[in-house]
Amino acid sequence: ARTPKAGKKYRTVKRHAGIYTYQEPPHSNSDEDAGEEKAESHDPEQIFQNIQYQKEIMSNIRCRPWPMRQKLRALRQAKEIVLKYEGRLTRTRGYQAAGAELWRKFIRLAYNFVVIFIPWEMRIKKIESHFGSGVASYFIFLRWLFGINIVLTIMTGAFVVLPELLAGAPFGSTVSKTIPQKHLKSAQDLDTIWLWSLQGYLQYSVLFYGYYGSDRKIGKAGYRLPLAYFLVGMAVFAYSFIILLKKMAKNSRMSLASASDENYTFCWRLFCAWDYLIGNPEAAESKAAAIVNSIREAILEEQEKKKSKNLAVTISLRIIANILVLLSLAGSIYIIYFVVDRSQRLERTKKELTLWEKNEVSVVVSLITMIAPSAFELVAALEMYHPRTTLRFQLARVLVLYLGNLYSLIIALLDKVDSMSGTLLGHLLFQDSDVNNNARNSTRTLPKEDNSSTIIPDHFKQNSIVTSEEGHTQGWVNKTVPFNSQNPQDQCWETYVGQEMLKLSIIDMIFTVASILLIDFFRGLCVRYLSDCWCWDLESKFPEYGEFKIAENVLHLVYNQGMIWMGAFFSPCLPAFNVLKLIGLMYLRSWAVLTCNVPHQQVFRASRSNNFYLAMLLFMLFLCMLPTIFAIARYKPSLSCGPFSGQEKIYDIVSETIKNDFPTWFNTVITYISSPVVVLPALLLLFMLIYYLQSIARSLKFTNNQLRMKIQTVST
């Protein structure tokens with residue numbers, strides 16, 4: 001029998017020994033069935049923790065102060081669990097790793113496959129590797145404009161051109177779709193339909209405004225073509241504005257997200273620039289050239305930051321350069337004004353114009369747009385700006401030049417539209433006076449062989465003359481208005497504007513091709529094959545190989561797109577023509593760059609966001625929209641052609657449709673919304689919202705700069 005003291009000591013030892021005994025893991029139980037149920041869990045993380053716990057027991061089993069029987073039981077149970085579930089866990093993790101690797105390979109193959117369908121991606125990458133990101137930004141910009149014109153072509157083709165072709169009146173069924181008999185013989189001549197005149201069958205086709213019918217509904221489905229024509233014309237500008245602003249916002253976000261690359265520039269390029277997945281020797285060569293160019297760009301960036309300048313000399317040279325630029329702009333505007341005025345005087349005085357006199361305005365405008373940027377580039381060398389700043393000044397100056405040229409042409413076209421509208425108004429005044437037998441303050445003179453007393457607007461009589469004398473109530477003083485044409489299209493000013501814009505685009509394309517061949521290709525041939533037998537080294541001195549002029553070429557794209565926006569309302573097929581033009585320009589420019597040009601002596605990194613190009617394009621869109629909106633709001637549509645004939649204004653088709661085809665309450669709501677009571681507060685609220693968002697943007701930009709400076713301070 002144990003003494004009370006010995007029994008108490010035995011119970012204490014037994015109680016303390018319990019802490020050294022085997023403790024079941026939390027997920028298992030002494031009951032075998034419950035342990036199997038826990039072990040059969042499908043959670044990989046739980047199985048992994050259980051296996052790790054059992055392996056820990058197996059490795060430390062000898063150090064445990066357990067009885068041998070308990071050690072053997074724990075060891076046997078741990079081995080069974082590890083053998084049973086480790087293989088399954090290993091296979092699961094292996095499958096996961098293999099699946100992740102296969103997914104990464106699939107994503108990369110899919111990206112490489114998608115790159116095949118990205119237009120000109122490999123061509124642009126090759127140009128970027130040899131000429132730097134500045135030259136490549138031009139081709140990326142061209143591809144983006146190509147995408148915009150594809151969408152514009154689909155819009156105009158699906159909602160305007162195709163409905164007219166499928167459901168509209170066929171060719172020859174109406175006066176506006178019939179070629180006059182006196183023009184029918186020469187309608188197929190090459191000099192009639194192509195380039196210089198765009199007359200003949202081209203004039204009476206879906207290319208121009210005058211071909212489209214004025215029926216409110218066409219086809220069995222009752223498609224409203226005039227309404228669709230107006231809405232698509234406005235949607236072209238709206239879509240262009242939206243896509244431009246969206247692209248600029250996206251580029252701004254990307255530039256902020258990638259701003260960290262500005263730190264430790266050389267380390268990033270030296271240690272992290274190579275792509276180890278390259279397996280093609282040609283791709284490796286292109287990648288090496290791209291890395292070399294990027295390092296050159298970074299070196300130039302650092303040199304420009306540390307360059308010391310003589311402030312007085314620099315300011316003097318910049319003042320002289322700006323004076324020369326202003327003189328060049330004034331001279332180009334005067335030349336265009338002189339040519340436009342001469343062309344108008346010749347049209348009034350001469351009956352038959354020569355080929356040069358018909359097209360001298362377009363040719364002179366194209367010549368100035370081709371020659372003047374080179375003069376600006378020579379002047380820019382005096383200013384000694386950073387290459388990127390020089391590029392931006394060059395872009396701004398060339399943009400002002402192009403806008404001056406384009407607006408000079410627009411003023412000439414509007415003068416012509418005024419004269420055509422005046423001719424039509426004089427004809428209508430004559431008709432009214434004849435019908436009402438009211439000869440007050442007006443006289444009518446008709447040839448003896450033409451005794452018609454009423455002139456219908458759709459059928460102008462040949463050789464009829466209307467004369468208004470002094471004192472007419474409408475203010476027509478000593479003007480003779482001739483009507484010497486049988487076809488109504490001669491009085492369709494919308495078709496005339498569309499013809500001029502398409503003609504200008506065609507002439508611009510011809511001059512572009514000629515400049516590439518003469519300035520780049522033949523110049524490169526002369527330098528290459530005449531350098532050995534010439535008095536000096538042609539490759540290092542004049543004329544040497546040409547460099548790709550980023551500023552002029554980018555502005556040429558902006559100028560070209562401005563012509564498309566300005567003429568798309570009067571020539572619905574103009575975006576489709578521009579798509580073909582951009583395709584040819586991409587292949588021709590890229591061939592000339594890779595074949596005839598050499599990299600710039602000063603290679604610099606292009607702006608990361610390229611928002612400067614987009615800002616100029618947005619500015620051009622706004623300025624090109626103004627003449628179109630002015631013509632729509634100011635001039636009455638032609639009476640004999642087009643979908644808006646018979647309307648007082650072009651935009652009246654919207655109010656007419658709302659009034660006739662919508663319920664009365666909807667018309668009341670639209671009238672109330674468009675009233676000044678709603679419009680003025682809405683505009684005020686919009687301006688306040690813009691100011692508020694701009695203030696937030698400025699504060700966030702300031703905060704971002706402060707954080708960047710703190711990060712740089714901590715890093716150094």
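Colleague: How many aromatic pairs does a search of the whole structure find?

Modeller: Keep in mind that this is a predicted model. Ring centres have to lie within 6.5 Å to pair. Searching the whole structure that way gives 27 aromatic pairs.

Colleague: Are the rings of Phe141 and Trp144 stacked or edge-to-face?

Modeller: Their centres are 6.5 Å apart and the planes sit at 20°. Planes under 30 degrees apart count as stacked. So the Phe141 and Trp144 pair is stacked.

Colleague: What separates Phe141 and Trp144 along helix H6?

Modeller: Both belong to helix H6, residues 133-167, and both are buried. They are three residues apart in that helix, so the separation is about one helical turn.

Colleague: And Phe630 with Tyr635: stacked or edge-to-face?

Modeller: Here the centres are 6.1 Å apart, with the planes at 90°. Over 60 degrees counts as edge-to-face, so Phe630 and Tyr635 are edge-to-face.

Colleague: Which residue lies over the face of Tyr211?

Modeller: Tyr211 belongs to an aromatic cluster that also includes Phe630 and Tyr635. At 4.6 Å from the ring centre of Tyr211 is Lys177.

Colleague: How far is the charged end of Arg528 from the ring centre of Tyr529?

Modeller: The charged end of Arg528 sits over that ring. The distance to the centre is 5.8 Å.

Definitions and conventions:
Residues numbered from 1 in each chain as written. Predicted model: local features only at pLDDT ≥ 70, side-chain atom pairs only at ≥ 80, totals over all residues. Heavy atoms only, no water. Phe/Tyr/Trp six-rings, centres within 6.5 Å; stacked < 30°, edge-to-face > 60°. Helix = DSSP H or I, 4+ residues; strand = E, 2+ residues; numbered from the N terminus. Buried < 20%, exposed > 50% of the residue type's maximum accessible area, 1.4 Å probe, protein only. Lys NZ or Arg CZ within 6 Å of the ring centre and 35° of its normal.
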